[in-house]
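Please look through this model from end to end. Then read the short report on its confidence, its helices and its sheet.

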Amino acid sequence: MSSVLGVSVGAGAIRVARPHAGNSAEHFAPDRFDLKATPVGEQRLEEVAAEAVATTLAAAPDIAATAVAYRSEQQARTVRGALARRQLTNYELVPEVVAAVEFLRSTGELSGLRTIALYDLGSSGLSVSVVDIASRQATYSERTSDISGDYLDSLIREQQIASGRIAHPPDPTGLAELDTLCRQAKEQLSTTTAVALPSEHGLVLISQENFEALITLAVESSARMTRDVIMRSEQAVQAVVVIGGCAEIPLVARVLERWLGMPVRVPVHPESVIVRGAALLARPPQPVAPSPSAFEPETEQLAPVWLADGSAPRRRATARGRDPMRELAHGRRRELSVAGVAAGALVVVAALGLGLGWGPQVLQGDSHSNSAPSSAVTTAPRQAALEPSVAPPPVDATNASVAPPPPVWQPTTTEAAPPPPNPNTILVPGLPPIVVPTIPPLFPPPGPAPQRR
């Protein structure tokens, strides 16, 4: 049976989550996950994330899909590059807000809510996002590094050194070890009232009361930022949901409720909300059934070229070394060329005949125009052609129930059969024969010279 993998890329740790068999968004149990966290330390977080994914996939070949949650577009690009260098391709990138909302909806934390403020306090900073639950999109978001888990750890460290119980580490390695010890004390203070952790530098001893006194100003500053983000978003926020590694500090929820005056919800194991939501968003690829057209034999195109998409026949013809579209365009150019020559000849002949008074005979192909003398050409046919345009007299509607039909011009003479071809006849394919009349002389021939007396 295939499984899925969720990954969250945090500044302090890379977390991976695998849901147990049958644990999905449809049949969900929030505690049925295999979780693992890998500290980032001094390494580049995208390289640690890619290594964690590669190691998990190698150990579990049944993983069919992976979803990696990212905070920003810059982080998404760096993670994508690190995964590509390890030739990992079967994954998808999802925003952290979308992954968090997916998990919170599955647990029922968002029941009855339309808009929330997501307060994510991690090791590197605080992100506050106003989220629309229906679309799972952040309508407004801000991030700051003024308050973070690392900053709270540094407050404990400085307080312990100032108390005189802890000697200041002489090198960066010792300082990193002391910071790790202070982080453990901070995490334990979420469930106990006092912590005492020995180390080679001395005893880390702090109570919950002292710890809250150290971080109150920072937490109030984060509450002020959350209030400003909600106001700038201009959305009707109904509740605040606190997630991240520092969400389990009791002071955080109390200060937010006091400053914002709205319900504050902290889910179970808030540090792994995003990674578990990413695991729920990892969808194995579904097999796609082949379409019936894939088994049909290839047929030639039967529809006219101007009514059907000729891309497929064109590709086949191009593969054979010819382009049907180019041949079609070439044939059309030949047809347009022939039609243009015919039309040009007709226009020239018509213009010449109309200019000399033989328009009707030329256009109608009159057989008598070739034998009639030049003096017989009159304007009578032209007048007859204009007669149909004269409007008929009005009809009295009271004396006639049906209006008479409009006058239809009928020629007085019947057309004779087309003359046999002769030098004055122009033959154009597709057109009736055009007879060019003999042009009479412009000036009468000179008469006999007068005799001188």
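The report below starts with confidence and then turns to helix pairs and a sheet.

## Model and confidence

This is a predicted model: local features need pLDDT of at least 70, side-chain atom pairs count only at pLDDT 80 or more, and totals for chains, interfaces and linings use all residues. Residues are numbered from 1 along each chain as its sequence is written, and side-chain values use heavy atoms, with hydrogens and water left out.

pLDDT is the predictor's confidence in each residue, from 0 to 100. The chain has a mean pLDDT of 77. In the chain, 62% of residues reach 70 or more. Confidence is highest in strand β11 (residues 239–243), at a mean of 98. It is lowest in helix α12 (residues 380–386), at 40. Helices (H or I, at least four residues) and strands (E, at least two) are DSSP runs, numbered from the N terminus.

Contact means heavy atoms within 4.5 Å.

## Helices α1 and α2

Helix α1 (residues 45–59) packs against helix α2 (residues 73–85) at about 45 degrees, with axes 9 Å apart. Axes are lines fitted to C-alpha atoms, for helices over the stretch in contact, and angles run from 0 to 180 degrees between N-to-C directions. The two helices, α1 and α2, are therefore oblique to each other. Angles under 35 degrees count as roughly parallel, over 145 as roughly antiparallel, 65 to 115 as roughly perpendicular and the rest as oblique.

On the α1 side, the contact residues are Leu45, Glu46, Glu47, Ala50 and Val53. In α2 they meet Gln75, Thr78, Val79, Ala82, Leu83 and Arg85.

## Helices α3 and α8

The axes of α3 and helix α8 (residues 273–281) come within 7 Å and cross at roughly 85 degrees. So α3 and α8 are roughly perpendicular to each other. Residues in this contact include Phe103 and Leu104 of α3, and Ile274 and Leu280 of α8.

## The sheet

Five strands form an open sheet, ordered β8-β7-β6-β11-β12, with mixed pairing. The edge strands, β8 (137–144) and β12 (264–265), each pair on one side only. Two strands pair if DSSP finds at least two bridges between them.

Strand β7 (residues 126–132) and β8 run antiparallel, joined by seven bridges. Leu126 has Thr144 in β8 as its bridge partner. Helix α3 (residues 96–107) lies across β6 (115–121), β7, β8 and β11. Its angle to β6 is about 115 degrees.
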